[in-house]
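Subject: Structure for you to look at

Hello,

Here is the structure I promised. Please open it first, then read my notes below.

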Amino acid sequence: MDHKKKMKELLPGWLHRPAPEGDVVVSSRIRLARNLQGYSFPHQADEQALESVIAKVERALKKSAFTLKRLDGIGQSDRLLLVEQYLISPDLLKNPAHRGVMVNSDQTVAIMLNEEDHIRIQSIHPGLALQEAWDEANRFDDVLEAELDYAYAEKAGYLTTCPTNVGTGLRASVMLHLPALQMVDQVKKVLSVLPHVGLSVRGIYGEGTESTGNLYQISNQVTLGLTEDEIIGKIISVTKQVMDQERSAREALLAKESRLQLEDRVRRAYGLLSEARLISSEEAFKLWNNVLLGVKLGLIPEVSVEQVNELFFLIRPAILQHIVGKDLTPHERDYYRAEVIRKHLQTKRG
Amino acid sequence: MWCERCKQRPATVHVTKVVNNHKTETHLCATCAQESGVDAGKELGFLFEPNFSFHNLLASLLENEFGPQSAISPYQTKIEKCATCGLTFTDFRKIGLLGCADCYQAFDKSLGPLLRRVHGHLSHTGKVPKRTGGKVRIKKEIADLRRKLQEAIGREAYEEAAQIRDEIRAKEEELK
């Protein structure tokens, strides 16, 4: 197989954009919830209404180079691929009939159809780029609204299926990589203040346990009564503070006698990851975390941050199956996963 | 509103009881509610539910808001049904999802406390859709201009104020 070319196709398009503050912030994401006037919300709507929603959105985006992927038109492994590429939510899979997603050509914007709301516009950027993600999502929101009548009320704003999204319909989030804060046992302390300012935090554990989770997502809880700029501004300023804390923790770890231990830990992880012959996604994710830290701290100079970021996707089951080009048993997956990781770490080296 | 019992903390638990057509309302803080046995939190129980989800949580918040007794209130059962999609407020309390855009209007009274609890606000201040929001957007622009006008008058920038006043008049014309 042409490893490089195939991989590029399978990795989400947004991954290759510039990543400001990429040493701490993995990605920034904007999600806008919208509904069409005159149709019941998806969970109450009949087939005909759901189909109308799909047809109307497709028509409204005709000039914008989006492709419709219908979930009822593809197999389960292709659906899981969309989830792993962050183009759809796992919730959309619960009931694939009359559901779909419209994706733009460089896969940076995905518009889910008939999930909890009729329309969910999503824009993802790597690094701290919430403003850019908002601008992009907002632009396509305008494109849609030029053709479609949104459910909107003067007082409550954009009307959503769940009242927790009403108003702006905006969920803005950033994913942070905080291994140093975790190592010095400060994560809880730093993040515990966030709920007091209306933000929520959750750990991303991949498929593993708490020990593997150095990834945290910060997002807004409140969608009503604040402007989009206020919501985004709040998350950016909080993120910057957390970022400073993480950076100081990294410096402290490198300065102390702990440096050797740290170097040992990340180099061991790198050794295992690049030499294993069988590896589960849980183990791969755990090692990946340490390798990412090592690369960011300059302790693994032979690998680039971009390369490690790509690995984050390559170790996932559905993406892996698509690289290999067939359905795999769990044991086969562990074998091919190890092979793909090894090749990926070799290809760009030197 | 302060707690009727201790008069020291804000009332966050509101219980409406209807017995023989006689309605009583009680407003308590969380502490007093627990002590006097009307702790609606007992109804939550969601922490131990294996299929914990956000919708359950929302439904529980509603339970908390209205108290388990409110289900027998005639106000709840008779009026609170969305004429457009047929969803009842009781349905909403179970699933945490509204049925259509008109539900917001149909359940306006009951949703208010929930929105305040979740968001701390009741009114949208963000983006207004260009087309659908037409008049709403103009009204918002007028409100913004009025603020600017006051500010200009405050600085005694009368020429600027006159200009802003003309802009407001033009926008008001658009609304007619």
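Start with domains: their bounds come from an automatic or database domain assignment. For chain A, the assignment gives domain 1 (14-251) and domain 2 (256-346). Taken over C-alpha atoms, the centres of domain 1 and domain 2 of chain A are separated by 27 Å.

A word on the source. This is a predicted model: local features need pLDDT of at least 70, side-chain atom pairs count only at pLDDT 80 or more, and totals for chains, interfaces and linings use all residues. Residues are numbered from 1 along each chain as its sequence is written, while chains are lettered from A and ligands numbered from 1 in the order in which they are written.

Now the domain contacts. Two residues are in contact if their C-beta atoms, placed from the backbone, lie within 7 Å. In chain A, 15 residues of domain 1 are in contact with 19 residues of domain 2. On the domain 1 side, helix α3 (residues 76-84) of chain A gives the most, with 4 residues. Helices here are DSSP runs (H or I, at least four residues), numbered from the N terminus.

Next, the two chains. 28 residues of chain B are in contact with 33 residues of chain A. Helix α6 (residues 108-119) of chain B supplies the largest share of the chain B side, 5 residues.

Last, confidence. pLDDT is the predictor's confidence in each residue, from 0 to 100. Chain A has a mean pLDDT of 90, and 95% of its residues reach 70 or more. Over residues 206-211 of chain A, pLDDT stays under 50. Where pLDDT is low, the predicted coordinates should not be read in detail.

Best wishes

Methods: Helix = DSSP H or I, 4+ residues; strand = E, 2+ residues; numbered from the N terminus.
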